[in-house]
Amino acid sequence: MRRLTPLAPAEAPGKSRELLDDIIERRGGAGEMISTMAHSPAVLQGYLDLSRAMRRSKLPRALSEKISLAVQERIGCGLCLDAHTTAAKAAGLSEADIALARQGTSADPREAALIGVAVRVLAEPSSITDADVAGLREQGWSDRIIAELPGLVALNLLTGSFNLLAGLEPHYE
């Protein structure tokens with residue numbers, strides 16, 4: 001059930017109005033989540049900045065979607081799961097890849113290790129040890145990829161928790 005309503009630019013507070021106008025001008029529309037985030041200029045700006053920054057991540061797109069699926073499965077955001085399932089398919093993932101990702105793993109042991117740590121970053125970050133990070137390095141993951149993992153998890157936590165709080169749900173036809 002919707003708890004917050006999307007805003008048109010004219011209804012949005014100052015900075016949100018500017019951000020929405022820019023997004024609509026560039027993309028032709030802002031989307032339900034972004035229009036709803038416009039209630040808070042700080043949240044909208046923060047989301048846009050983190051989202052842009054994470055697009056420069058060195059994580060391969062397909063792996064990024066696997067991590068997002070694993071994290072969103074735990075957060076429980078149906079809207080995000082739908083969006084990341086669509087993006088995962090566009091990135092070439094199979095139904096089996098998607099199902100494994102939603103379970104927090106991968107058929108590739110190297111990817112499974114990274115996905116597993118991502119889920120722990122979300123659920124229990126204080127449990128991560130030196131051995132966990134060393135294990136990721138042994139799997140061939142660079143410090144850059146390891147450092148980017150919390151950013152991707154944070155972006156998913158922001159979108160998933162926002163959508164759940166706002167009551168935004170998938171639209172099935």
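Q: Which residues count as contacts of leucine 93, leaving aside its neighbours within four places in sequence?
A: Ala62, Glu65, Lys66, Ala88 and Ile98 do. Contact means heavy atoms within 4.5 Å, and these residues are in contact with leucine 93.

This is a predicted model, in which local features need pLDDT of at least 70 and side-chain atom pairs count only at pLDDT 80 or more, while totals for chains, interfaces and linings use all residues. Residues are numbered from 1 along each chain as its sequence is written, and side-chain values use heavy atoms, with hydrogens and water left out.

Q: Why is leucine 93 called buried?
A: Buried means under 20% relative accessible area (exposed is over 50%, partly exposed in between; 1.4 Å probe, protein chains only). Leucine 93 has 10%, so it counts as buried. Its place is in the loop between α5 (78-90) and α6 (95-102).

Q: Why does serine 57 get the label buried?
A: Its relative accessible area is 14%, so serine 57 is buried. The residue sits in the loop between α3 and α4 (61-75).

Q: What makes serine 57 and leucine 59 a polar contact?
A: A polar contact is a pair of N or O atoms within 3.5 Å; within protein, one must be able to donate a hydrogen and the other to accept it, and residues adjacent in sequence count only if both atoms are side-chain atoms. A polar side-chain atom of serine 57 lies 3.0 Å from the backbone nitrogen of leucine 59.

Q: Why is threonine 36 called buried?
A: Its relative accessibility is 0%, so threonine 36 counts as buried. The residue belongs to helix α2 (residues 32-37). Its side chain reaches the backbone oxygen of glutamate 32 at 2.7 Å.

Q: How do you know how α3 and α9 are set against each other?
A: Axes are lines fitted to C-alpha atoms, for helices over the stretch in contact, and angles run from 0 to 180 degrees between N-to-C directions. The axes of α3 (residues 41-54) and α9 (residues 143-166) come within 10 Å and cross at roughly 140°. By class, their contact has nine nonpolar, three polar and one charged residues.

Q: What makes the span of α9 close to the expected one?
A: The expected span is 1.5 Å times one less than the number of residues. With 24 residues, α9 is expected to span 34 Å, and it reaches 35 Å from first C-alpha to last. Just after α9, glycine 167 takes a positive phi of about 80°.

How values were computed. Helix = DSSP H or I, 4+ residues; strand = E, 2+ residues; numbered from the N terminus. Nonpolar A, V, L, I, M, F, W, Y, C, P; charged D, E, K, R; others polar.
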